[in-house]
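Reader: Could you walk me through this structure? I am new to it.
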Amino acid sequence: MSDWSQTKRPIPVPDQWTKPFWESAKREALELQRCQDCGHFQHPPYPTCVNCMSIDLKFEPVGGSGTIYAYTIMYHNGDKRFASAVPYASIIVELDDAPGALMAANLLDAPYTEAKVGRRVEMVFEKLNDDITLPQFRLAD
Amino acid sequence: MWENRCKIAISGVGYSKATRSADIPLAAHALEAVKEAVVDSGLEMSDIDGLSTYPELPATGHAEVDGISVVSVNCMMAMLKLPDLTWHIQVGTTNIGGAVQQAANALLAGVCKHVVVWRAMHNPRGTYQNLPGDEAHGAAQFTGPFGFGGPGQGMAVAYTRWLETHDQDREKMATLAVTQRKHTQHNPHAYFHGTELTKEDYLSSRMVAYPFCLFDCDIPVQGAVAIVMTTADRAKDLKPTPAYLAGYGQRLHFEVAGRIGSLSSYMEGGSSSSRLTWERSGFSPKDVDVAQIYDGFSASVIYGLESYGFCGEGEALDFIQDGRIELNGELPLNTFGGSLGTGRIHGLWHIIEGALQASGRAGSRQVKNANVSFVGASAPIVTGTTFIFVGDPY
């Protein structure tokens, strides 16, 4: 199991277009960008709908269930902020509610060897400070 | 077929030394490579009237200083003082393959006669790809907090997706690393010339970002390579046997800018780009005598072999076995050693080797009777550029 206790994670700096995402994460009720014309969810946020070119985009709630789309196990300890957690699993998750919207995260509360393509995961929230909470994932029951 | 098929040629190549650290400014490496390419062509420097490059430093968190960590067109112009310079460009996307394609377009348009294209790569001190500072801005706000930014992670996630959806075994990649290192021993300019690699070395090497071990990653070096391009009618009068450009394709593929981990983007970029190259050149994968496929990370070769049509999806790790990619195999691959052998100079070296093989100038690594020479000059997700060079224009 990776030891995350000493990790110094870089703090995300929300901008005008990503603020709703981080505000929803802080409320622990995640919202992703959704096209109001065709219904397509996308992540990271983008200026236009990548499916239909609409500019009518809003953030809408999504459930926390998803699947590991891909992953890597980080062994290189060149980044000292994460060196104490090595080896650790960086995963890419596709949420059931938002097919095609891929989110990066870590697999928490499980040995890194449990990361496999297709494995079911659920969202948990990791508070970094008063402003920023990260959406993260653990194995689904 | 393309109306401009075989109307442009590569007629000169040059290399600087590739060193692990930056002992001299990068501009000096670039100048060395450019001078050598011009000497190889038989031209005088004053004959050069076009300049083209892609100057990006792929490392993050390091200052871009012209002449030190990048070599822009401005920098080259100031060094060369070309009396008849009429055309110059540096591309901001499609990597160095795009710079070569722009040079071909300019020559076809008749706005210049002899173009030099160079790629110079710096190896900064300290870590190569870590997000600097305590904050994550822009696209990094969705990756940096998760420790997702180190060497090769963006490529590694696509590779786990490929391995596990196709039920494949990463140990088969040893064949690629070992075969390319064998080829490297025929390339005196390569960083790993003189250093052998065995299957056991590969299998026991330390993991960097699973599924990538150390020998799946090209080593960052400081160095430069360069080519001279001209029109086919002028090329006939120059010193080397010309390598004619039979066709090219370019196609980036992003479903969402900044999106990571998408194997489908690699595959779409590669198939869209190569489709243009096959159509324009009139060739198909079965016609190819020798292939160079960008290998900054080993898995790029796998996505390339499949998306360009050399084998089916999920088959590439089996395709490279049984001697098929050896110099005397069915599809000799990365015959100069690839980036895994030369060090990280990006795709211009793949283009150089494609040209040398087509024109019979590859020395002890020359593939017998090679005529149709394919190049996939960069990973299709960021820079899908593909080329076919031929020795006999037909």
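Author: Two strands pair if DSSP finds at least two bridges between them; strands (E, at least two residues) and helices (H or I, at least four) are DSSP runs, numbered from the N terminus. This is a predicted model, in which local features need pLDDT of at least 70, side-chain atom pairs count only at pLDDT 80 or more, and totals for chains, interfaces and linings use all residues. Residues are numbered from 1 along each chain as its sequence is written, while chains are lettered from A and ligands numbered from 1 in the order in which they are written.

Reader: In which sense do β1 of chain A and β5(B) pair?
Author: Strand β1 (residues 11-12) of chain A and β5(B) pair in the parallel sense, over two bridges. Within β5(B), B:A136 is the bridge partner of A:P12.

Reader: And how many residues does the contact take from each chain?
Author: Chain B provides 39 residues and chain A provides 32, with two residues in contact if their C-beta atoms, placed from the backbone, lie within 7 Å. On the side of chain B that touches chain A, α4(B) gives the most, with eight residues.

Reader: Changing topic, is α12 of chain B mostly covered or mostly open?
Author: Helix α12 (residues 348-358) of chain B is mostly covered, as eleven of its eleven residues are buried (20 or more other C-beta atoms within 10 Å of a residue's own, C-beta atoms being placed from the backbone). Among them are B:W349 and B:G354.

Reader: What comes just after α12(B)?
Author: There B:G360 takes a positive phi of about 70 degrees.

Reader: Which residues does B:F389 contact?
Author: Leaving aside neighbours within four places in sequence, B:F389 is in contact with residues including B:I10, B:Y244, B:G354 and B:A358.

Definitions and conventions: Buried ≥ 20, exposed ≤ 12 C-beta atoms within 10 Å, placed from the backbone.
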